[in-house]
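The stops below run from the whole chain to single side chains.

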Amino acid sequence: MSTGSPAYDKAELKGVFATFDKNGDGFITKQELRESFKNIRIFMTEKEVEEMVVKVDANGDGLVDFEEFCILCKATGVRDQGGDDEREGQVAGQDGGEGDLKEAFDVFDKDKDGLISVEELGLMLCSLGLKEGGRVEDCEEMIRKVDMDGDGMVNFDEFKKMMMRGGGKLVSVF
């Protein structure tokens, strides 16, 4: 647990934000949010997406900007694990998006063991207000779809394959 430093690593959050913001305009639309979840087989109604956006849409524009996204992450407990301040100055996308993917992966990998477990996936989905997070069988099914080595967890390579679609474009967040 870090003390004294900012509770949230802005560089990490920028990377995660970029995975939701498909067109790179600096805002996450309801459609982008819904499509991100659909890509990982979480089907949300328009009403569910609307409710999620309303929770964090401080300025009422119907979009989630970076600052509002940070509020969402703060509310869901995405914490800075410390030691990554040197990334602050790096230019996003320098590594073809793999850094953004690693940052998104790290948000799910709460215990930092290099694997996303059923429990970690469930906690993150619940923190986003998604009912699938509360059902172990749903989380197990999501993991099974991308678990190439059969260990019941998602490692970074499996996460990367799931997240990348045609032309190397980042398409969703787990």
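Colour by secondary structure to begin: helices (H or I, at least four residues) and strands (E, at least two) are DSSP runs, numbered from the N terminus. The model is predicted, so local features need pLDDT of at least 70 and side-chain atom pairs count only at pLDDT 80 or more, while totals for chains, interfaces and linings use all residues. Residues are numbered from 1 along each chain as its sequence is written, and side-chain values use heavy atoms, leaving out hydrogens and water.

**Whole chain**

Trace the chain along its sequence and the pattern reads α-β-α-α-β-α-α-β-α-α-β-α-β-β.

Now colour by burial: buried means under 20% relative accessible area, exposed over 50%, partly exposed in between (1.4 Å probe, protein chains only). Of the 174 residues, 43% count as buried.

Next, contacts (heavy atoms within 4.5 Å). Among those with a separation of 6 or more, 58% join residues 24 or more positions apart.

**The core**

Select Leu33, Phe37, Leu121 and Phe159. These have the most contacts inside the largest nonpolar core, which has 37 residues. Such a core is a set of buried Ala, Val, Leu, Ile, Met, Phe, Trp, Tyr and Cys residues joined through side-chain atoms within 4.5 Å.

Which helix gives the most to this core? Select α5: this helix contributes five residues. Each of α1 (10–20), α2, α3, α4 (66–76), α5 (98–108), α6 (118–127), α7 and α8 supplies at least two. In soluble globular proteins, nonpolar side chains tend to be buried together.

**Salt bridges**

Show the charged side chains. A salt bridge is a side-chain nitrogen of Lys or Arg within 4 Å of a carboxyl oxygen of Asp or Glu. By this rule the model has eight salt bridges.

Start with Arg34 and Glu46. Their side chains meet in a salt bridge at 3.5 Å, N to O. Arg34 sits in helix α2 (residues 30–39) and Glu46 in helix α3 (residues 46–56), so the pair ties together parts 12 residues apart in sequence. Arg34 is partly exposed at 33% relative accessible area. Glu46 is exposed, at 60%.

Move to helix α7 (residues 136–146), which holds both Lys145 and Glu141, four residues apart, about one turn of the helix. Their salt bridge spans 3.3 Å, N to O. Lys145 is partly exposed at 45% relative accessibility; Glu141 is partly exposed as well, at 32%.

Then pick Lys160 and Asp157 in helix α8 (residues 156–163), three residues apart, about one turn of the helix. The closest N and O atoms of this salt bridge are 4.0 Å apart. Lys160 is partly exposed at 23% relative accessibility, and Asp157 is partly exposed at 45%.

**Last stop: a backbone angle**

Where is Lys112 found? Select the loop between α5 and β3 (115–116); Lys112 lies there. Its phi is near 55°, a positive value in a residue other than glycine. Most residues other than glycine have a negative phi. Lys112 is partly exposed, with a relative accessible area of 35%.
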